[in-house]
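Me: I have a structure to look at and some questions about the words used to describe it. Please set each value against its definition.

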Amino acid sequence: HPEELGPLFKRYERKLHMYVVYCQNKPVSEYIVSEYIDTYFEELRQKLGHKLQLCDLLIKPVQRIMKYQLLLRDLYKYTERAHLTGEIEALRQATHIMQVVPKMANDMMDVGRLQGFDGKITGQGKLLLHGPLVCCEGTSGVSFKGKELQVFLFEQNIIFSEALGKKTQFTNPAYVYKNHIQVNKMSLEEKVEGREEKEGGGVDLFCVRSTDPRKPSLAYVCQAMTGESRAEWLHNLRSILQTQRDFLKAIQSPIAYQKELTKDPFALSPPLRPPSPPLHEECPMIVSEPLSAKIKHQSNFLEGFRNTLRRAKSEAPEVEGSVGHVRRWSDAHPNALTESESDLVRVVSQQSVLVSMSGAESVECCDHETGVWQKVETLRSPSGHLVPDLAPGHTYSFRLDGSSRTPTITIPHDTPWQQEQFQRRYQELHIIGGGRTAVVKQAQDRGTGQAVALKVVDRRRIPQRVTRAEYNFLTALSHCGILRGLAMFENAPSPGVDTIVMELLQGMDVLSHACSLSSVSESHVRRVASQLLSALDYLQLQQIVHCDIKPDNLFIESHNNQIQLKIVDFGSACTVSPGTVNIQPYLTPDLEFAAPELLSGPSPCLSTDVWSCAVLIYVLVSGVSPFLDESPEETTTHVLNADFSFPPDLFPSGSTGTQEFVSSLLVREPTLRPLAHLALSHPWLQLVTSNYDVPVTHLASFISRKKPQSITKNFVL
């Protein structure tokens, strides 16, 4: 029945946005399609007896929504002519939905082709407008000579990019990032004077300028393609700047502002767009236009989708997250926040924060002290949600509409007594190292003059409870092969930062120390293994597993040709108890040194660190990792299967004893792997002769691959 068609589209509006998600994910998958369309997928097509190629099948969903749109437009037109007033409104709403969905889908594909932007693109809020503008850097319109750029206007940023390549029958251009201006640090000049008029006139210029004191000269003079386009850009820029002014009112007096909204919802500036339809949670960016607006991309949408499916391998853009970049993503630390994502939440008072995502309907909050997520009541503002009644000194993460993005922030203390105590006690000198989760600085105790090391940990990356647990390990343990902890300060030297004060090691990591020698002898390798196993034996007696034994966490101090190895960084350490289920470490271990149970479960055990010790000995002698392969997946497979060998060209002829020792420790089953005290009784460790010397050059490539830009100094984590 035609009269039921309009309400039907309205009822299933949310499900129709699956097409937007489909197109949003397409730039990520188009590489693999173009790579294997003529090989694997063609063989599969012939095997299954299908007549259509994969490209033809993938375009079917897009053809379907375009047919929906054409069908509804015709129905709306003829219903209007027939003056069926009872059905017109429902069909008008359905037609609007099917105009918005293809436009949003096309926008998602264009955003997916943006390359080189350092921030997280989905953290920029809604996509309000995008398209070509002729732009010239600077603020003057005299002798304007601009270049066409693709400009993306988000709620948080306006991004300028340059098209790379041209649109052809089989390809679409990629967009290379050039610059961006934060919306909350932006001003608009709607008319730029001094331009020399072109013959026949032209569209007036406008200027977007940065007010950020760090970028005082950043500005773009812009010219739209048409007068209508110029009006649209200015309308959106005016609206978003007005939203920022309203936001300022909300921060200064949030309760009064909320009351004002309740009394008169139209007292302040209108929203940028009509209320957006509910979306699938994976589609955070929305572009919604009035029904009367022209949908400029309708004719190009189907063609653009088809073209990118047929893109040649050499022309495929380097999209983050594509098959060609799997290794980079797997190496990334899962808790690290980009600069743009950390800007999503900021402190506005002693007990409240603003979560800057205006499109979110609900906010969940997690206090890191409890680790429990719960929905919170917020005060709505044009630019986000004000979350009140938070505890000073606590670190919180926030989740919007159940999404996986969790920006984190620490509420500062009312009285920074810990910061004052820290400043009175220690004088910070300089940075001496850093790692995935912390920066290490050298400092001096103002009272005693003792030189110490400060491990400064950002709570956005590591919860305070994890840092506190590490400090407890360092102070409870007493062994010559384990670093000593001296003190801990919470929210010091600044809010949101915890600092562990430790002894300062005058040495370098185990591989850098080996490279400082003329050669690596069997005696040296045996001494390193004995001291490491001795420290591990002590930890095992305390039912403690380090879980991250690797060269960066093993330091060598040398005095009078005598070495002393020390284990550092207990951020991943945990206690284990026989017969109980032990938790996995908070941080992801180094894949090349991790035992199988750290990668696949069930959980770490006392023999876990012994595996890592064996890998270290293998690397010291050969200069290569026993399990490393072309991809993280292949490396993981080798570790899980304990698949390794001793190539004759890498191991000297006199290293048979070393090989037997390593083989006895690299046992796949944790219960069959010897503990440290049994490993210490191995015959190879009892020898006193040295049967081989290997050149230190074999370690250079390993060190440069693992930390190509690091400089080993006094203390590195």
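Me: Which element gives the largest share of the lining of the second largest cavity?

Reply: In this predicted model, that share comes from α14, with 3 residues. The elements that give two or more residues to this lining are β19 and α14 (464-476). The cavity holds about 60 Å³ of space, and the residues that line it include Thr437, Lys455, Val466 and Asp569.

Me: What makes Lys455 a lining residue of the second largest cavity?

Reply: A lining residue has an atom within 4 Å of a cavity point. Lys455 is listed among the residues that line this cavity. Lysine 455 lies in strand β19 (residues 451-458), and an unreviewed UniProt entry annotates Lys455 as "binding site".

Me: Why is lysine 455 called buried?

Reply: Buried means under 20% relative accessible area. Lysine 455 has 2%, so the residue is buried.

Me: How do you know that arginine 425 and aspartate 445 form a salt bridge?

Reply: The cut-off is a side-chain nitrogen of Lys or Arg within 4 Å of a carboxyl oxygen of Asp or Glu. Here the closest N and O atoms are 3.0 Å apart, so the pair counts as a salt bridge. Arginine 425 lies in helix α13 (residues 417-425) and aspartate 445 in strand β18 (residues 438-445), so the bridge ties together parts that are 20 residues apart in sequence.

Me: Are the two partners, arginine 425 and aspartate 445, buried or partly exposed?

Reply: Arginine 425 has 41% relative accessibility, between the limits of 20% and 50%, so this residue is partly exposed. Aspartate 445 has 5%, which is under 20%, so aspartate 445 is buried.

Me: What makes aspartate 548 and lysine 550 a salt bridge?

Reply: Their N to O distance is 3.9 Å, which is within 4 Å, so the pair meets the definition. Both residues are buried.

Me: Where do arginine 92 and glutamate 89 lie?

Reply: Both are in helix α7 (residues 85-112), 3 residues apart, about one turn of the helix.

Notes:
Residues numbered from 1 in each chain as written. Predicted model: local features only at pLDDT ≥ 70, side-chain atom pairs only at ≥ 80, totals over all residues. Heavy atoms only, no water. UniProt positions renumbered as here; feature names shortened; annotations may be inferred. Helix = DSSP H or I, 4+ residues; strand = E, 2+ residues; numbered from the N terminus. Buried < 20%, exposed > 50% of the residue type's maximum accessible area, 1.4 Å probe, protein only. 1 Å grid on protein atoms, 1.4 Å probe; cavity = no way out; pocket = protein on both sides within 12 Å on 5 of 7 lines; lining within 4 Å. Points joined across faces, edges and corners; volume = space filled by probe spheres on them.
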